[in-house]
Number of protein chains: 2
Amino acid sequence: MDKLLRVDMTAKKIKVETVPEKYAALGGRALTSQIVADEVEPACEPLGPFNKLVFAPGLLSGTNAPSSGRMSVGGKSPLTSGIKEANCGGVPSQKLANLGYKAVIIEGKPAAGEFHILKLTEGGVELLPAGGLAGRGGYETVRTLQEKYGKKAAVIFIGPAGEMLMAGAGIGASDPEGNACRYFGRGGLGAVMGSKGLKAIVLDSPKTFDVPVKDKDRFQAAAKKFARILLDHPVTGQGLPAYGTNVLMNIINEAGTLPTRNFSRGRFEKANDVGGEKLAEVCNARGGKATHACHPGCVMRCSNIYILPDGRELGKIEYETAWGFGPNIENGDMDIIGELNYICNDVGLDTIETGATLGVLMEAGVIPFGDGRAAVEALKEVGRGTPLGRIIGAGATFAGKVYGVTRVPAVKGQAIPAYDPRSCKGNGVTYATTAMGADHTAGYAVTANILKVGGYVDPTKEEGQIELSRNLQIATAAVDSTGLCLFVAFAVLDNPEGLPTVIEMLNAMYGLSLTADDVVALGKSILKVEKEFNARAGFGKADDRLPEFFYNEELPPHNTRFVLKKELDEVINF
Amino acid sequence: MDKLLRVDMTAKKIKVETVPEKYAALGGRALTSQIVADEVEPACEPLGPFNKLVFAPGLLSGTNAPSSGRMSVGGKSPLTSGIKEANCGGVPSQKLANLGYKAVIIEGKPAAGEFHILKLTEGGVELLPAGGLAGRGGYETVRTLQEKYGKKAAVIFIGPAGEMLMAGAGIGASDPEGNACRYFGRGGLGAVMGSKGLKAIVLDSPKTFDVPVKDKDRFQAAAKKFARILLDHPVTGQGLPAYGTNVLMNIINEAGTLPTRNFSRGRFEKANDVGGEKLAEVCNARGGKATHACHPGCVMRCSNIYILPDGRELGKIEYETAWGFGPNIENGDMDIIGELNYICNDVGLDTIETGATLGVLMEAGVIPFGDGRAAVEALKEVGRGTPLGRIIGAGATFAGKVYGVTRVPAVKGQAIPAYDPRSCKGNGVTYATTAMGADHTAGYAVTANILKVGGYVDPTKEEGQIELSRNLQIATAAVDSTGLCLFVAFAVLDNPEGLPTVIEMLNAMYGLSLTADDVVALGKSILKVEKEFNARAGFGKADDRLPEFFYNEELPPHNTRFVLKKELDEVINF
C-alpha cells in the first residue's frame with residue numbers, strides 16, 4: 001500500500017501519487033481524518049467543490065489478520081457540518097489494499113447530473129461514464145457491475161439518495177454474496193459522493209489476503225493467536241457468532257435502555273419479536289443464514305442473511321437497524337424492519353438516521369406510531385424525490401426543523417442510535433462529545449455499562465462515565481485505523497494479551513516497534529485532529545451537549561435523566 | 001410605562017410586575033435583548049418551554065414623537081438558534097405603551113394544539129381561549145378580533161405558519177386600516193409565539209399619544225423640530241413619502257446590486273415593472289394609496305395600500321418583498337408579488353425568508369425560475385401543511401438542506417435580503433457579523449454605499465466597509481430602542497441636529513441628561529449583550545461569514561466577489 005490515488009471530478013483527471021512520509025504510519029480513520037484536516041477548508045460547503053471524499057483501508061486490511069477487512073471513508077459531513085469518518089466491512093477494504101492503494105481521494109465537482117464509475121484494477125485506473133446506472137438502486141447497481149466485471153469485483157456505490165444529495169445518504173459496499181447491504185452509513189457521506197458525481201467504485205483484484213508483510217512468520221503467529229483470543233471471548237466467540245449484533249435487542253431491553261417511541265421509554269413490549277434469537281429463527285427457516293461473515297477472514301461472523309417473505313435476499317439486519325425500524329417507531333414486525341432496511345440499502349440511506357427520522361415524523365404526527373406499513377410507504381417516497389421523501393432523506397434534525405419537533409434525538413445534527421443516553425450514560429457522554437455527531441461506535445460504553453466487558457460502570461449513575469467514554473474514544477480511534485472490526489474491542493478489553501497481539505501484528509507487518517503507549521498516542525492524536533477541524537468549522541462546547549429533553553424528561557423504567565453538562569468539556573482534554 | 005407583564009402559558013397565569021431598576025432606561029430592542037439574555041438559557045430549544053418571547057415598545061413609543069410607533073419582539077430564534085429582535089410598525093406599539101407596559105414576557109408552553117388570546121385593556125389583562133380563531137389566516141384573525149373588540153383595538157397575531165411552528169413564520173400586526181400586513185417578520189419568532197400557544201394579543205386602549213412625559217413643553221418643541229428635520233431630508237421627506245421603500249428597486253438595480261435569480265446577477269431587466277414608481281401607479285389606479293403611514297404619527301409615510309386585481313386589499317408592498325418575489329425569482333409581474341405577499345401575510349410568513357426560499361427551490365429545480373404562478377401554487381401549500389408547504393415555511397437554509405442546494409443565500413440560518421453583498425459590501429459585512437442572522441436593518445450600509453447618505457464608501461471595494469457597518473450597527477441598536485423607525489437614520493446621518501434632537505426628546509420625556517456618548521454606549525452595550533448570548537449558544541467566528549459562493553462567484557455587472565473574512569472579526573470589537 002504505497003500509492004495514493006487522487007481523482008479530480010471537475011477535470012476528470014486521475015493521478016497516482018507516492019504516499020508522503022507523514023502518512024506512512026497511518027491507515028483507516030487516522031489517514032482519512034488527517035487528509036481531510038490537511039486538505040479540506042473546515043468552513044467549506046460540504047456538497048461543494050472544496051470538500052473531498054477520502055477512502056482508506058485499515059493498516060492491517062488486505063492481510064489475513066482476523067476481522068481486518070474494514071475501510072474508512074472521510075470528509076466534511078453535510079449532516080453535521082463537521083469532520084466525519086464512516087466505517088464499513090464488506091469486500092472493498094481488502095481489495096483496495098491488495099491493489100496497493102493506501103487512500104483514494106475524490107475531489108472537485110462536475111456539472112450537476114453527470115455521474116461516473118471509478119474502476120480500479122491491477123492494470124490501472126479508469127473513470128467511466130455511469131450511463132444507465134445513474135438513478136439505479138443499490139442492489140441493481142452491484143448486480144449490474146458484477147455482471148460486467150465479475151462476481152469477485154468489490155463495489156462501493158451510492159443509491160438515488162446520494163445522487164439526490166440527501167444528507168442522510170450513506171455509501172454502500174457489496175458483501176461477499178454481492179448483496180448491496182454493507183454501509184459506510186453515517187454522516188451523509190453518500191451525498192458527498194453524489195456531489196462528486198461518483199456513482200460507484202469497482203475494485204477488481206484477484207487477491208484478498210496478499211498485501212506484503214515484512215515478517216511473515218511472526219505475523220502469521222500473531223494473527224493466529226489473535227483469532228484464538230477472539231474465539232475465546234464469550235461475546236466475540238459465542239454471542240456475536242450465534243445471533244449477530246441483534247443479540248443486543250433483548251439485552252438492551254432488559255437493561256431498560258432500549259429507546260422506544262422516539263426515546264420516550266426504555267423498554268419495548270415486543271422487543272423479543274424483533275430480537276436476535278427471533279432473527280436467527282427466521283433466517284434459518286427461510287433459507288438465509290443466521291450467521292455470516294461480512295468480509296472474508298472475519299472470525300466473529302456477526303452478520304446474517306435475511307430473506308424477505310417474497311424471496312428477495314436482503315442481506316443482513318443489524319441491531320441498530322432493527323432498533324430504528326422496531327422499538328423506535330413501535331413496530332414489532334421483523335418483516336417490516338426487513339422491508340425498511342431493504343429500501344434503505346437500495347435507495348442508499350443510513351438506517352440509523354432514517355429510523356430516527358421516522359420516529360421524529362411520528363412524533364410530528366405525519367405517520368402514526370406503530371404503523372409499519374405507513375412507514376414503508378413513506379420511505380418509498382425517498383427514491384421518488386418527493387417533498388416528503390426529501391425530508392426523510394435529509395435526516396432527523398432537518399426533518400425535526402421542518403416539522404417544528406422539539407424532541408429530536410440528535411447531536412451535531414446526527415441521530416442518536418439504539419442506546420438511550422439517560423440509562424446508558426457512558427454512551428451519552430460519547431454521543432455528546434465525539435466530533436462525529438451522535439455515534440455509538442465512537443466510544444461504545446455499552447461494554448462496561450451493560451455487558452460488563454472491561455469492568456463495570458453503573459449505566460444510570462454519573463460516576464466514571466467521563467473517563468470510560470474518553471478511554472473508549474481513544475481506543476476506538478486507534479482500532480478504526482487498523483482495519484480491525486471494532487468488535488475485537490470486546491476481547492481486547494478483557495484479555496490482557498489482546499492489545500499486545502494487535503501491536504505484534506502491526507510491528508510484524510510494517511517492521512515497526514510500536515508499544516501500547518504509541519497506540520494510545522495515535523488514538524489521542526486522531527481525536528485531536530478531528531476536534532481541531534471541527535473547532536475551525538465553528539464547533540464549540542455548546543455543540544458537545546445532548547438535546548434538551550434528555551436533561552428534562554425522565555426515562556422509564558429507571559426514571560433517570562441525563563445530567564452531565566460542563567463535565568463533558570473534560571472528555572477530550574488532551 | 002412602569003409595568004412589566006408576565007404571562008405563563010403553562011399554568012395560564014398572569015402577573016403584573018414593577019419594572020426593575022436595571023430595565024428603567026431600556027426600551028425596544030435594548031430591553032428585549034436584555035431580558036432574553038437575563039432569562040433565557042442560550043442553549044435552550046427555541047420551540048421548547050424554556051424560550052421566552054418578549055414584546056417591548058420603544059422608549060418614545062406612545063408619544064407624538066414623529067415616527068416613534070415601532071415595537072420590538074425578542075427571543076431565541078428557531079431559524080438561527082441565536083438571539084433575535086424583530087421590529088414592527090403598525091398600531092400595537094403606541095397602544096401597549098399607552099396601556100403602561102414597558103414589556104410583555106410570554107413564557108412556558110401549553111399542551112400542543114391549545115391556543116389563547118391575550119387581551120390587554122385599561123381594565124386589566126385576560127387570557128382567553130382562541131376558540132375558532134386557531135387555524136385562521138391573518139386577515140380573518142384581525143377582522144374577527146376587531147369586530148369583537150372594536151376597530152381601534154390593535155392586534156398582534158400569528159397565522160397558521162406560526163401555529164404549525166414553521167421556522168420562517170413571522171408575527172403580524174394590524175395597521176391603521178386593520179390590514180394584517182405589518183410584520184415582526186424575521187427570525188421565525190412567529191413559531192415561538194405558536195409554541196407558546198398564543199394566537200393573538202389584543203391591545204385595546206383609547207389613547208395613542210398620551211404616555212406621560214416629564215417636561216411636556218420641551219418635549220413638544222423637540223418633537224416638532226425632529227419632524228421638520230425628517231421632512232427636510234430628500235430621502236425621508238421626499239423619496240420615501242412619494243414612492244415608499246420600493247423606490248429602491250430601480251436605484252438598487254441601477255447600482256447593479258439587485259440580487260436576481262437567486263443571487264446570480266445584480267440586475268433584473270424587468271426591475272422597472274416591479275419598482276416603486278409602477279407600484280404607486282397601480283395603487284392609485286385601483287383606489288389604493290401610493291403613500292400611507294404604517295402607524296399614527298409617522299411623517300415619512302413610506303407605506304402604501306395595494307389592491308389586488310380581484311379587489312382584495314393587501315396592505316402594503318415593501319421593497320424587500322417586491323425583491324424577494326420579483327427579481328430573486330425572476331418574476332416581473334407586480335400582481336404576482338402582491339398575491340405572494342398576501343399569502344404570506346395571511347398564513348403568517350416572513351416575506352424576505354419566503355422569497356429567498358422560493359429562489360432556493362427554483363435553484364433546486366422544484367419550481368421553474370420566473371414562473372410566478374407556480375410559486376403562488378407552491379406557497380398555497382404552506383397553509384395546508386403539506387410536506388412542500390412545510391419545507392417552504394422552514395426557510396431558505398432548511399429548504400436548501402432538504403434539496404442539497406449549495407447556493408443558499410443565508411447567514412446563521414437566516415436569508416440574505418435584497419442587496420447583494422458582493423457589490424454592496426457594507427451590507428455584506430452587516431449580514432455576516434450581526435448577531436441577528438443576515439439582516440439589512442441591522443446596519444444598513446446602503447446609506448453610504450449606494451444612497452450617499454452619511455458620506456460615501458465605494459460599494460464594490462473593501463476599504464471602509466468594516467467601520468461603516470460597525471458604526472451603523474451601533475447606531476441601529478440604539479435607534480431600535482427608541483421606538484423610532486430606523487428610517488429616521490437617513491436624516492440623522494446627514495443633519496448634525498438630528499441626533500441631538502432625538503436625545504432632547506428622550507431627556508425631556510424621562511428627565512434625563514443623556515449625551516451622544518450615552519447613545520453610542522447604549523448601542524454598543526446592546527450589541528455586546530446579543531453577541532454574548534450567541535457565544536453561549538455556540539456561535540463563534542466561523543458563523544460570522546458569508547456563504548461560500550459569495551467568495552467564489554463573481555456577480556455581474558460589476559463582476560466582484562466578497563473577500564473579507566478575518567477582517568469581519570473586528571466588527572464587534574468593543
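Helices (H or I, at least four residues) and strands (E, at least two) are DSSP runs, numbered from the N terminus.

This is a predicted model, in which local features need pLDDT of at least 70 and side-chain atom pairs count only at pLDDT 80 or more, while totals for chains, interfaces and linings use all residues. Residues are numbered from 1 along each chain as its sequence is written, chains are lettered from A and ligands numbered from 1 in the order in which they are written, and side-chain values use heavy atoms, with hydrogens and water left out.

**Chain A overall**

- Chain A holds 22 helices and 17 strands, and its C-alpha trace spans about 55 × 50 × 50 Å along the principal axes.
- Of the 574 residues in chain A, 67% are buried.
- Among contacts in chain A with a separation of 6 or more, 71% come from residues 24 or more positions apart; a contact means heavy atoms within 4.5 Å.

**How the two chains relate**

- The same surface serves both copies, since 100% of the contact residues of chain A recur in chain B.

**Helix H3 of chain A**

- At 1.5 Å a residue, the 12 residues of H3(A) (residues 138-149) should span 16 Å, and the end C-alpha atoms agree at 16 Å apart. The expected span is 1.5 Å times one less than the number of residues.
- The buried residues in H3(A) are Gly138(A), Tyr139(A), Thr141(A), Val142(A), Leu145(A), Gln146(A) and Tyr149(A). These cover an arc of only 165° around the axis, which puts them on the same side of H3(A).
- The arc is that of the directions from the helix axis to the C-beta atoms.
- An α-helix has 3.6 residues a turn, so residues three or four places apart point the same way.
- The cover over the buried residues of H3(A) includes strands E7 (116-121), E8 (124-129) and E9 (154-157) of chain A, along with helix H11 (334-347) of chain A.
- Gly150(A) follows H3(A) and has a positive phi, near 105°.

- An open sheet of 6 strands runs in the order E8-E7-E12-E9-E10-E11 (chain B), with mixed pairing. Its edge strands, E8 (124-129) and E11 (182-184) of chain B, each pair on one side only. From one strand to the next, the twist averages 20°.
- Two strands pair if DSSP finds at least two bridges between them.
- E9 (residues 154-157) and E12 (residues 198-204) of chain B run antiparallel and are joined by 4 bridges; Ala154(B) stands opposite Leu203(B) in E12(B).
- H3 of chain B (residues 138-149) lies across E7, E8, E9 and E12 of chain B, at about 145° to E9(B). Axes are lines fitted to C-alpha atoms, for helices over the stretch in contact, and angles run from 0 to 180 degrees between N-to-C directions.

**The sheet around E3 in chain B**

- Another open sheet of 6 strands has the order E2-E1-E6-E3-E4-E5 (chain B), again with mixed pairing. E2 (13-18) and E5 (83-88) of chain B are its edge strands, each pairing on one side only.
- E3 of chain B (residues 53-57) has 5 of its 5 residues buried, so it is largely enclosed by the rest of the structure.
- Leu53(B), Phe55(B) and Pro57(B) point one way from E3(B), while Val54(B) and Ala56(B) point the other way.
- E3(B) pairs with E6 (residues 101-107) of chain B in the antiparallel sense over 3 bridges, and Val104(B) in E6(B) is the bridge partner of Phe55(B).
- E3(B) also pairs in the antiparallel sense with E4 (residues 71-76) of chain B, over 4 bridges; Met71(B) in E4(B) is the bridge partner of Pro57(B).
- E1 (residues 3-8) of chain B pairs with E6(B) in the parallel sense over 6 bridges.

Key: Buried < 20%, exposed > 50% of the residue type's maximum accessible area, 1.4 Å probe, protein only.
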